[in-house]
Amino acid sequence: TRVKIIDIARARGMHSRGRFRLWKKVEESKNDKGRYGPWVLLCKNRCASFVLDGGSSNDVIVEELKEEWESYADHATVEGCGLGDGGRIMFEYAVVVKNGAFTWPREAAAKAGRLR
């Protein structure tokens with residue numbers, strides 16, 4: 001499935017690439033409210049790149065992205081990294097801030113909520 005990036009200008013980093021990570025929806029118990037609701041990161045402390053230029057399917061780029069995905073998933077199979085159970089996933093892309101670094105919107109929102 002293709003993912004539509006709403007604010008492509010804010011997602012574009014160097015070389016027309018963005019950063020993403022995947023979240024998996026888990027069953028939420030009433031006593032266990034997580035920081036991000038019923039969502040947990042599929043691969044903690046990791047992210048991968050995606051191309052934002054929309055067209056180039058250069059073999060070198062494809063191979064780079066494949067290697068990066070394998071590193072992101074810790075060389076696990078689709079089922080091994082938690083995607084084979086028919087559950088729901090969320091694609092989160094990072095936004096570029098003033099200094100050119102990437103930041104994660106869900107972390108920024110959670111931090112702002114704690115500060116209130």
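The side chains of Arg-21 and Glu-107 meet in a salt bridge with an N to O distance of 3.1 Å; a salt bridge here is a side-chain nitrogen of Lys or Arg within 4 Å of a carboxyl oxygen of Asp or Glu. Arg-21 lies in strand S1 and Glu-107 in helix H3 (residues 105–115), so the pair ties together parts that are 86 residues apart in sequence. Helices (H or I, at least four residues) and strands (E, at least two) are DSSP runs, numbered from the N terminus. The model is predicted: local features need pLDDT of at least 70, side-chain atom pairs count only at pLDDT 80 or more, and totals for chains, interfaces and linings use all residues. Residues are numbered from 1 along each chain as its sequence is written, and side-chain values use heavy atoms, with hydrogens and water left out.

Arg-21 also forms a salt bridge with Glu-92, where the closest N and O atoms are 2.7 Å apart. Glu-92 belongs to strand S4 (residues 89–93) and Arg-21 to strand S1, so this pair ties together parts that are 71 residues apart in sequence. Arg-21 has 5% relative accessibility and counts as buried, as does Glu-92 at 5%, whereas Glu-107 is partly exposed, with a relative accessible area of 33%. In these terms, buried means under 20% relative accessible area, exposed over 50%, and partly exposed in between (1.4 Å probe, protein chains only). Salt bridges that share partners join Arg-21, Glu-92 and Glu-107 into one network.

The count of salt bridges comes to three. Another of them pairs Glu-68 with Arg-19, with the closest N and O atoms 2.7 Å apart. Glu-68 lies in helix H2 and Arg-19 in strand S1, so the pair ties together parts that are 49 residues apart in sequence. Arg-19 is partly exposed, at a relative accessible area of 22%.

Tyr-72 is placed in helix H2 (residues 59–72) and is buried, at 1% relative accessibility. Leaving aside neighbours within four places in sequence, Tyr-72 is in contact (heavy atoms within 4.5 Å) with residues including Arg-21, Leu-22, Cys-43 and Cys-47. The side chain of Tyr-72 reaches the backbone nitrogen of Leu-22 at 2.8 Å. Of the two cysteines named, Cys-43 is buried at 3% relative accessible area, and Cys-47 is partly exposed at 24%. The count of disulfides (pairs of cysteine sulfur atoms within 2.5 Å) comes to zero.

The largest nonpolar core has 13 residues, and Tyr-72 is among those with the most contacts inside it, together with Phe-20, Leu-22, Leu-42, Phe-50 and Tyr-93. Strands S1 and S3 (48–51) each supply at least two residues of this core. Another core, of five residues, lies apart from it and includes Trp-23, Tyr-36, Trp-39 and Leu-41. A nonpolar core is a set of buried Ala, Val, Leu, Ile, Met, Phe, Trp, Tyr and Cys residues joined through side-chain atoms within 4.5 Å. In soluble globular proteins, nonpolar side chains tend to be buried together.

The chain contains three helices and six strands, in the order α-β-β-β-α-β-β-β-α along the sequence. Buried residues make up 26% of its 116 residues. Of the contacts in the chain with a separation of 6 or more, 68% are between residues 24 or more positions apart.

Technical notes:
Polar contact = N/O pair within 3.5 Å; in protein donor to acceptor, adjacent residues only side chain to side chain.
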